[in-house]
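Here is a short briefing to read alongside the model. Please keep the sequence and the 3D view open as you go.

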Amino acid sequence: MALSDKPSRQSLIPNFLYSSYSSTRTLPLKKMLQSPPTLDGVSSSPKSFVIPAPSEPSKKIEMYSPAFYAACTFGGILSCGLTHMAVTPLDLVKCNMQIDPAKYKSISSGFGVLLKEQGARGFFRGWVPTLLGYSAQGACKFGFYEFFKKYYSDIAGPEYAAKYKTLIYLAGSASAEVIADIALCPFEAVKVRVQTQPGFARGLSDGLPKFVRSEGTLGLYKGLVPLWGRQIPYTMMKFASFETIVEMLYKYAIPRPKDQCSKSLQLGVSFAGGYVAGVFCAIVSHPADNLVSFLNNAKGATVGDAVKKLGLWGLFTRGLPLRIVMIGTLTGAQWGIYDAFKVFVGLPTTGGPAPAAPAPAAAELAKA
């Protein structure tokens with residue numbers, strides 16, 4: 001009777017996250033007994049005793065396989081959805097400071113006004129559209145970034161991909177964000193209206209139908225162009241600076257190669273690189289963030305109206321200190337969660353030395 005090829009315990013990791021190309025590591029009893037036993041009854045082949053723990057997954061994720069992109073997509077959902085929902089109070093104060101600076105004069109006074117008028121529960125107004133919207137955005141952002149980074153690298157070829165890797169990061173992240181913002185935009189429109197207009201709606205379930213009745217379905221995408229203006233530079237900075245910072249940390253600050261570092265140290269590098277990248281992201285994308293808040297709050301408003309009311313200085317500085325704290329923490333946490341999930345399913349963390357690519361076919365070498 002042969003032993004089962006499946007582990008005795010059910011893995012907590014969903015099966016769809018594993019590639020079907022990897023072979024199982026457990027061995028049937030028949031194969032284990034192929035080597036002749038010694039006099040003391042022990043097989044002479046040391047390979048007979050290589051048996052995985054029952055909880056060990058029977059399959060691994062192959063890099064750049066459909067299972068790899070599915071894992072990155074799910075990691076993006078966790079990374080962006082959970083972190084944006086957690087900082088809803090900061091986002092709420094920030095949006096109100098952008099819309100009504102006379103009433104919300106500073107971070108501390110903004111929290112005081114909200115607590116006085118709406119109570120503690122008011123700090124999490126709009127958390128449902130925040131969670132759903134940024135989960136959808138994170139799925140597209142991280143999943144498509146990994147896809148486009150590989151796609152553009154293959155187009156450029158190994159030599160040019162290594163030489164112009166920063167351009168690859170920028171192009172891949174920009175392409176991913178164009179798609180991600182289409183998924184985010186309707187939720188962002190409802191979120192801003194719920195957060196900045198008390199009494200408009202309690203959340204997504206009643207806010208979305210009311211918004212559509214007021215401005216039509218296309219009104220949900222009124223802020224798409226400013227959202228692209230905010231998010232595309234933000235994401236380009238987020239991914240390109242993160243990849244560069246992490247590479248520099250492993251090159252200059254950590255005395256041993258990445259593959260010799262512990263997983264906890266690698267995740268610490270991911271968080272640190274993400275936090276520094278987030279500070280740059282906040283500065284680059286802040287003017288467009290002010291535009292998005294203004295347009296989604298005022299019915300029929302245009303970009304010109306926003307510039308006229310806020311002024312150029314206000315576009316760049318209103319609410320910026322709070323956004324630096326929020327986005328720095330947010331981006332650091334996002335990279336930490338994303339890479340923690342990748343480690344959990346057996347993938348390497350993002351950044352640092354790239355994994356060795358498979359050897360090209362002889363025909364490809366001949367063409368080169």
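How do the residues of the lining of the largest cavity divide into nonpolar, polar and charged? They come to 6 nonpolar, 5 polar and 9 charged, where Ala, Val, Leu, Ile, Met, Phe, Trp, Tyr, Cys and Pro count as nonpolar, Asp, Glu, Lys and Arg as charged, and the others, Gly among them, as polar.

Before the details, a word on conventions. This is a predicted model, in which local features need pLDDT of at least 70 and side-chain atom pairs count only at pLDDT 80 or more, while totals for chains, interfaces and linings use all residues. Residues are numbered from 1 along each chain as its sequence is written, and side-chain values use heavy atoms, with hydrogens and water left out.

**Overall build**

- The secondary structure of the chain amounts to 12 helices and 0 strands, with helices (H or I, at least four residues) and strands (E, at least two) taken as DSSP runs numbered from the N terminus.
- Read from the N terminus, the elements therefore run α-α-α-α-α-α-α-α-α-α-α-α.
- The chain has 368 residues, and 44% of them count as buried; buried means under 20% relative accessible area, exposed over 50%, and partly exposed in between (1.4 Å probe, protein chains only).

**The cavity**

- The count comes to 1 cavity of 30 Å³ or more. A cavity here is a set of points, on a 1 Å grid over the protein atoms alone, where a 1.4 Å probe fits but cannot get out.
- The volume of the largest cavity is about 160 Å³; grid points are joined across faces, edges and corners, and a volume is the space filled by probe spheres set on the points.
- Its lining is made up of 20 residues, each with an atom within 4 Å of a point.
- H84, Y134, R230, M326 and I327 are the lining residues that lie nearest the centre of the largest cavity.
- At least two lining residues come from each of α2 (66-86), α3 (88-99), α5 (127-163), α6 (165-196), α8 (224-253) and α11 (320-344).
- Domain 1 (62-221) and domain 2 (233-351) each give at least three residues to this lining; the domain bounds come from an automatic or database domain assignment.

**Aromatic pairs**

- The whole structure holds 20 aromatic pairs. Rings of Phe, Tyr and Trp (its six-membered ring) pair if their centres lie within 6.5 Å; planes under 30 degrees apart count as stacked, over 60 as edge-to-face and the rest as tilted.
- One of the pairs is Y69 with F147, an edge-to-face arrangement with 6.0 Å centre to centre and 70 degrees between the planes.
- Y69 lies in helix α2 and F147 in helix α5, so this pair ties together parts that are 78 residues apart in sequence.
- Y69 counts as buried because its relative accessibility is 18%, whereas F147 is partly exposed, with a relative accessible area of 37%.
- Y145 and F239 form a tilted pair, at 4.1 Å centre to centre and 35 degrees between the planes.
- This pair links distant parts of the chain, as Y145 is in helix α5 and F239 in helix α8, 94 residues apart.
- Both partners count as buried: Y145 at 1% relative accessibility and F239 at 0%.

**Around Y64**

- Ring pairs join Y64, F68, Y69, F144, F147, F148, Y151 and Y152 into a cluster.
- K150 lies over the face of Y64, 5.2 Å from the ring centre; a charge sits over a ring if NZ of Lys or CZ of Arg is within 6 Å of the ring centre and within 35 degrees of the ring normal.
- Although Y64 is not a glycine, Y64 has a positive phi of about 65 degrees.
- Y64 belongs to the loop between α1 (29-32) and α2, and is partly exposed, with a relative accessible area of 35%.

**Other sites worth a look**

- The charged end of R193 sits over the ring of F200, at 5.5 Å from the ring centre.
- G219 is in the loop between α7 (204-215) and α8 and counts as buried at 8% relative accessibility.
- P209 lies in helix α7 and is partly exposed, with a relative accessible area of 35%.
- D305 is found in helix α10 (residues 303-317) and counts as partly exposed at 37% relative accessibility.

Conventions
1 Å grid on protein atoms, 1.4 Å probe; cavity = no way out; pocket = protein on both sides within 12 Å on 5 of 7 lines; lining within 4 Å.
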